[in-house]
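Please look through the sequence and the model shown below.

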Amino acid sequence: MTKILITSALPYVNGVKHLGNLVGSLLPADVHARYRRQTGCDVLFICATDEHGTPAELGAIAAGQDVRTFCNTQHTVQADIYRRFALSFDHFGRTSSPQNRALTQHFYRKLDAAGLIEAREVQQVWSPADRRFLPDRYVLGTCPHCGDASARGDQCDHCDTLLDPPELIAPRSALSGDHALELRQSRHLFLRQSQLVAKLSAWIDSRTGWPPFVVSTAKGWLNAELRDRCITRDLAWGIPVPREGFDGKVFYVWFDAPIGYIAATQEWAAAEPGRDWRTWWWQADDVSYIQFLGKDNIPFHTVSFPATLIGSGEPWTTADVIKGFHWLNYEGGKFSTSRNRGIFTDQALEELPADLWRWWLISNAPESADTDFSVAKFVCDVNKDLADIFGNLANRIISFVHRAFDGRIPAGGVPDEAERRLADDLELRIAALRDHHDALEFRAAAAATRAIWDLANAYLQHTAPWTAIRNDRLRAAVVTRTGLNLVGICAVLAWCIVPQLSERVLRAFGRDDAVPSWPNGPLADLLDAGAGTPVAQLGPLVEKITPERAGQLAARFGV
């Protein structure tokens, strides 16, 4: 059995994520995990909240809580939202776990023993009013490039320029507003990535299936004289540095966060007897490892995290495929957690069922370029694809079988040329759909799924069992039997994208599979099966979003 390890970039713990975060890693990772389970693979899907670093401390201050309490609360909130979005994690862990603390310190010691850690003096911003060094994100000011007054010491969200705190105009403390900031010396540890360029380059060259922009981003970092990375910070919250003279310092969040993938797997293993995390991460030559992440995370996953794993000299599993995504924009601008701009996942679920959001996001996934979300396009696409095509397909044939055949898949009759052509066409389309899923082509997979729904509707429109039954009950029975089985196949194929809608359809056929298996066997036989099986009334599968409701959505989300 093929073993597939899937990780999604870890969402920061500092508040509810927006739809851009969801489609940038979490949702496509779930779709692929579901698809792989359907095709019989042994899948382990791991994620966690990223709980260290400045965002957690600032979030706790804003919430009036200590950091641990804040993280406990936000982890619970996020886990519940992802459950309601039907994200099928095998484990959703936390980087503040004891496992991650032990593993991070282990990697530090191995890298240090290999000569890849070096202590250096660096200049950092000191706030006399706060009586502490300020991490980059604790320093606010005016961007020297675009003039935005709310730029942070690490990046300007308005123009996306990476910054260092001394570059800011009129810098101030994010904690106290103190403007009397000073530059002082502080001693920190650096991971000597520059010593690993040849190994990292060879590792990247050995991989296939990465989107071109992921490869170019990774090689751009390697070819631009890769700099050593500071892996410690002057913070109170984080994983302590086990080195003399470094009391009061913690590891940089981007050093410990990816290690959290392994630590979360250790949490998963500890939760049930018989599980062994090593079969996934240690000398696991039979594992295929796929990472899902947004483009801002590419440098850390193609350079920094592999440098940690490779530099340790130990036989850790490294990514085979890194599937990166561009940005999802919002109504012509950017989604932004810090600016509270866009649609956030909790708000989305308050307004509409999860599968409507899931469908639109996957069918418009920002794979090769940024994609823009608009309420008008969302409403139009969801109404057409889910209500008019998939919903109508299921409802009209299920309603008909109740009118004409007492709610059971009818027996009798022999499939003719129309059914043979349908089976041949469907077989080719399912093979193409599977190719898209295997290649991690999400927009194409959604389009191929929709095309199969269209094929099913066209078959029923052409064969019209509601007309045939007037003169040829046996022919109507064949078409009805074929149409019902076709609806079931459509639901199975769509399950990885819209699991809740698909499960409603499958339950109408008496199926309650935890994971509905991918169609297997001759399509002609599958389409002619099930005579006598009762079919429950379905009711409207998807309620269309009315113009009035669309206006309410636009008003709610600030359009």
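## Cavities

Searching the whole structure finds 2 cavities of 30 Å³ or more, where a cavity is a set of points, on a 1 Å grid over the protein atoms alone, at which a 1.4 Å probe fits but cannot get out. A volume is the space filled by probe spheres set on the points, with grid points joined across faces, edges and corners. This is a predicted model, in which local features need pLDDT of at least 70 and side-chain atom pairs count only at pLDDT 80 or more, while totals for chains, interfaces and linings use all residues. Residues are numbered from 1 along each chain as its sequence is written, and side-chain values use heavy atoms, with hydrogens and water left out.

## The largest cavity

The largest cavity holds about 70 Å³ of space, and its lining residues (those with an atom within 4 Å of a point) include Leu 191, Arg 229, Trp 254 and Phe 305. Two or more residues of this lining come from each of helix H7 (253-270) and helix H9 (298-311), helices being DSSP runs of H or I with at least four residues, numbered from the N terminus. H9 gives the most, with 4 residues.

By type, the lining of the largest cavity has 7 nonpolar, 3 polar and 1 charged residues; Ala, Val, Leu, Ile, Met, Phe, Trp, Tyr, Cys and Pro count as nonpolar, Asp, Glu, Lys and Arg as charged, and the others, Gly among them, as polar.

## The second largest cavity

The second largest cavity has a volume of about 30 Å³, and among the residues that line it are Trp 203, His 301, Phe 305 and Ala 319. H9 again supplies the largest share of the lining, 4 residues, and the lining divides into 5 nonpolar, 3 polar and no charged residues.

## The second largest pocket

A pocket is an open set of points with protein on both sides within 12 Å along at least five of seven lines. The second largest pocket contains about 310 Å³ of space and is lined by 17 residues, with Asn 485, Gly 488, Ile 489, Arg 511 and Leu 526 nearest its centre. Helix H16 (residues 473-494) contributes the most to this lining, with 5 residues, and the lining comprises 9 nonpolar, 6 polar and 2 charged residues.

## Strands S2 and S3

Strand S2 (residues 42-49) runs parallel to S3, to which 4 bridges join it; strands are DSSP runs of E with at least two residues, and two strands pair if DSSP finds at least two bridges between them. Cys 47 stands opposite Phe 92 in S3.

In S3 (residues 91-94), His 91 and Gly 93 point one way and Phe 92 and Arg 94 the other, and all are buried (under 20% relative accessible area, with a 1.4 Å probe and protein chains only).

Key. Buried < 20%, exposed > 50% of the residue type's maximum accessible area, 1.4 Å probe, protein only.
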